[in-house]
Amino acid sequence: MTYVVTVEIRIPEGAPELDGLHRVGASALLEQGFASVAGIEGADGMEMDLFDVAVAVHPGGAILKVMVAAPSLEFAEEAVGSVSEEVLERSELLAEWTVESSEVQLHTDAARESLEAADGPGAPPSDPQARRAHHTAKPDTADEAEGEAQDHEAAFRALATRLRSFTPATFGVPHDVDEAEDAAPSGEEEPADGPAGVSPESAELAAGSLVYGAEVLIDELYDDVQALAEEDTTVAECQGHLWHLDQLPSRHAPQYNELFARRFLVTAIALTTRFTDGSFRRLGCLAEELVLKLLLEQAHVTLDLHGLLDDEVAAALGRFAGEVYEDMDFAWLQDEGESGAGEGGVAALGFGTWFTPFDDARYVHPYALDEMPESGVPDTAES
């Protein structure tokens with residue numbers, strides 16, 4: 001069975017955070033280290049196939065997504081963790097880095113249900129579309145529905161703290177809620193963006209759904225990469241199930257091959273890493289704008305499925321999108337017509353520039369970059 005193992009690696013305690021140039025170097029060392037791994041040997045000499053490794057380096061370390069074929073989840077986690085430690089030990093510059101965790105992340109209670117019901121009378125269907133419908137089916141009773149909604153609401157609120165690059169104000173919460181409430185009876189003017197803004201509770205739900213949605217999005221993009229790799233085809237010709245890549249602008253579907261899918265996946269990992277490690281400043285390229293579009297759609301769907309998407313939570317996600325997007329020119333790409341955003345807009349950016357930084361101060365993961373600048377080293381600074 002194929003597993004996606006998430007490995008969290010940290011820089012030595014007390015070491016300064018990595019700047020842009022150091023992140024590029026660390027990423028290259030990790031990628032080269034795994035490229036030199038011929039195979040993975042688990043417990044009792046059992047061999048495992050290593051399919052792919054995606055590396056996202058942040059100021060405090062790195063997150064790896066390692067795709068392996070293993071006989072069990074436990075074997076996959078243990079073997080990938082051991083190999084990650086070996087890769088660090090072999091590199092003089094990374095020898096003091098540590099592997100914090102190596103685990104296969106299961107994101108939903110539905111996944112647990114699938115494991116418990118495997119091969120039994122309650123086993124979910126094998127077809128991906130039917131399985132998703134099975135997992136997202138509404139409970140039979142109102143009491144069960146209310147209980148599940150409360151459980152998911154609490155889970156999303158707990159996840160909200162992981163979205164470290166953004167404050168409640170990004171979601172429309174007044175900068176000082178207590179002060180705003182105290183001042184309201186005195187007749188002070190309300191904020192221009194709305195009579196009451198967004199409540200902290202709604203902002204928490206929106207933030208948590210983005211963290212949860214990021215994990216689901218990355219896992220499903222991995223599935224899309226594997227689907228294209230198995231058929232050695234493009235999105236336009238793919239006969240298998242795709243979760244997200246077929247939602248990208250259809251005019252370029254014949255160009256969405258396995259290499260594109262890998263670059264898009266790495267872009268998604270890099271962007272969501274910056275969202276959660278506190279380093280995000282601005283979107284780096286058009287591909288990141290498209291990743292964010294998919295992430296926002298995933299957040300909306302997740303909240304709606306659990307009965308948590310009310311008008312205020314939707315408004316919080318809308319405010320977040322408005323804060324992060326600098327413009328919506330990329331939306332023109334969904335238009336099937338030939339006329340577009342005009343000179344200087346997205347129409348001026350061909351498919352070959354989707355992974356090109358908007359300017360020299362933007363960050364794009366080195367694996368996804370369209371080409372190296374003349375200097376030979378991409379500028380990864382975000383400030």
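**Close-up views of a predicted model**

**View 1. Thr6 on strand β1.** T6 sits in strand β1, which spans residues 2-10. The model shown here, as in every view, is predicted. T6 counts as buried because its relative accessibility is 4%, and the cut-off for buried is under 20%. The side chain of T6 makes a polar contact with a partner side chain, that of K65. The distance between the two is 2.7 Å.

**View 2. The second largest pocket.** This pocket has a volume of about 570 Å³. Its lining is made up of 23 residues. Closest to the centre are E8, I63, T272, T273 and T276. Four elements each supply at least two lining residues: β1, β4 (61-69), α7 (200-231) and α8. Which of them gives the largest share of the lining? Helix α8 does, with 5 residues. By class, the lining of the second largest pocket divides into 8 nonpolar, 7 polar and 8 charged residues.

**View 3. The cavity.** The structure holds 1 cavity of 30 Å³ or more. The volume of the largest cavity is about 30 Å³. Which residues line the largest cavity? They are A56, V57, A270, T273, R274 and Y363. Two elements give two or more residues to this lining: β3 (47-58) and α8 (258-277). Helix α8 gives the most, with 3 residues. The lining of the largest cavity has 4 nonpolar residues, 1 polar and 1 charged.

View 4. T273 is one of the residues lining the largest cavity. T273 is also among the residues closest to the centre of the second largest pocket.

**View 5. Helix α2, end to end.** Helix α2 covers residues 73-90 and has 18 residues. From its first C-alpha to its last, α2 reaches 26 Å. That is close to the 26 Å expected at 1.5 Å a residue.

**View 6. The buried residues of α2.** Which residues of α2 are buried? The list runs A76, E77, A79, V80, G81, V83, S84, V87 and L88. An α-helix has 3.6 residues a turn, so residues three or four places apart point the same way. Follow the buried positions along the helix with that in mind: A76, V80, V83 and V87 are among them. Also on the list are E77, G81, S84 and L88.

Terms used:
Residues numbered from 1 in each chain as written. Predicted model: local features only at pLDDT ≥ 70, side-chain atom pairs only at ≥ 80, totals over all residues. Heavy atoms only, no water. 1 Å grid on protein atoms, 1.4 Å probe; cavity = no way out; pocket = protein on both sides within 12 Å on 5 of 7 lines; lining within 4 Å. Points joined across faces, edges and corners; volume = space filled by probe spheres on them. Nonpolar A, V, L, I, M, F, W, Y, C, P; charged D, E, K, R; others polar. Buried < 20%, exposed > 50% of the residue type's maximum accessible area, 1.4 Å probe, protein only. Polar contact = N/O pair within 3.5 Å; in protein donor to acceptor, adjacent residues only side chain to side chain. Expected span 1.5 Å × (residues − 1).
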